[in-house]
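Please keep the sequence and the coordinates in view while reading.

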Amino acid sequence: MIETLELVPALTRPDLLAPSVAAALHGWEGREPVERIAVAEIDPDVADTAAFAARYGVPLEESANCVVVAGRRGGEQRQLACVVLATTRADVNGLARRRLDVRKASFMPMDEAVDATGMEYGGITPIGLPAGWPVVVDAAVAAAGSVVIGSGLRRSKLRLPGPVLAGLPGIEVVDGLGR
């Protein structure tokens, strides 16, 4: 059975946002108005992309995943958030590794990612990441008319135009991140 996403302006439902996501939306500095970002409550048991898409009828081409990648250089851990369409996988050992300037990059372990971001695993989003975290967004996400991404919580999702996400301060849009 396909359910409908009940979308409302994100700022009207702070209970559906991780605290850092709510803070980022309240202090919004994007090029587009924050009102273009909506949130919908979902069943947390279907927060993973494939299950979510099937349950709510959202095409994978309109779903984006934010993954946290890490690597070490000179004893220092470096991290990078990568946002790609759900129809692709992040080029971790190519583009992301080079962007981090490390010899080997890998997905950050779940407990570390949750601890570092203050968000729930399966809901990590580029909005509200810690200050100074680099974020790369695949050009296909930036060009999408609308994408669904995490809200920082497993029990909700954000929907926003790709250009709104790409217009966030500190976002770098790159070709070829999603493979």
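A residue is called buried when its relative accessible area is under 20%, exposed when it is over 50%, and partly exposed in between, with a 1.4 Å probe and protein chains only as cover. By that definition, buried residues make up 50% of the 179 residues in the protein. The model is predicted, so that local features need pLDDT of at least 70 and side-chain atom pairs count only at pLDDT 80 or more, whereas totals for chains, interfaces and linings use all residues. Residues are numbered from 1 along each chain as its sequence is written, and side-chain values use heavy atoms, with hydrogens and water left out.

**Overall fold**

The secondary structure comprises six helices and nine strands, where helices (H or I, at least four residues) and strands (E, at least two) are DSSP runs numbered from the N terminus. The radius of gyration of the protein is 15 Å, close to the 16 Å that the globule rule gives for 179 residues, so the protein is as compact as a globular protein of that length; the radius is taken over C-alpha atoms, and the rule is 2.2 Å times the number of residues to the power 0.38. Along its principal axes, the C-alpha trace spans about 45 × 35 × 30 Å. With contact meaning heavy atoms within 4.5 Å, 67% of the contacts between residues at least 6 apart in sequence join residues at least 24 apart.

**Strand β8 and its sheet**

Four strands form an open sheet in the order β1-β2-β8-β7, with antiparallel pairing, and two strands pair if DSSP finds at least two bridges between them. The edge strands are β1 (8-9) and β7, each of which pairs on one side only. Strand β8 (residues 156-160) is mostly covered, five of its five residues being buried. In a regular strand the side chains alternate between the two faces of the sheet. From β8, Ser156, Leu158 and Leu160 point one way and Lys157 and Arg159 the other way, and all are buried.

Four bridges join β8 to strand β2 (residues 38-41), and four bridges join β8 to strand β7 (residues 147-150). Some of the bridge partners are listed here.

| Residue | Bridge partner in β8 |
|---|---|
| Valine 39 | Leucine 158 |
| Valine 147 | Leucine 160 |
| Glycine 150 | Lysine 157 |

The hairpin of β7 and β8 has five residues between the strands, and glycine 152 takes a positive phi near 95° there.

**Threonine 125**

Threonine 125 is found in the loop between α4 (110-117) and β6 (135-138), and it counts as buried because its relative accessibility is 0%. Leaving aside neighbours within four places in sequence, threonine 125 is in contact with residues including Ile149, Gly150, Gly152 and Leu158. The C-alpha atoms of threonine 125 and isoleucine 149, which are 24 residues apart along the chain, are separated by 6.5 Å.
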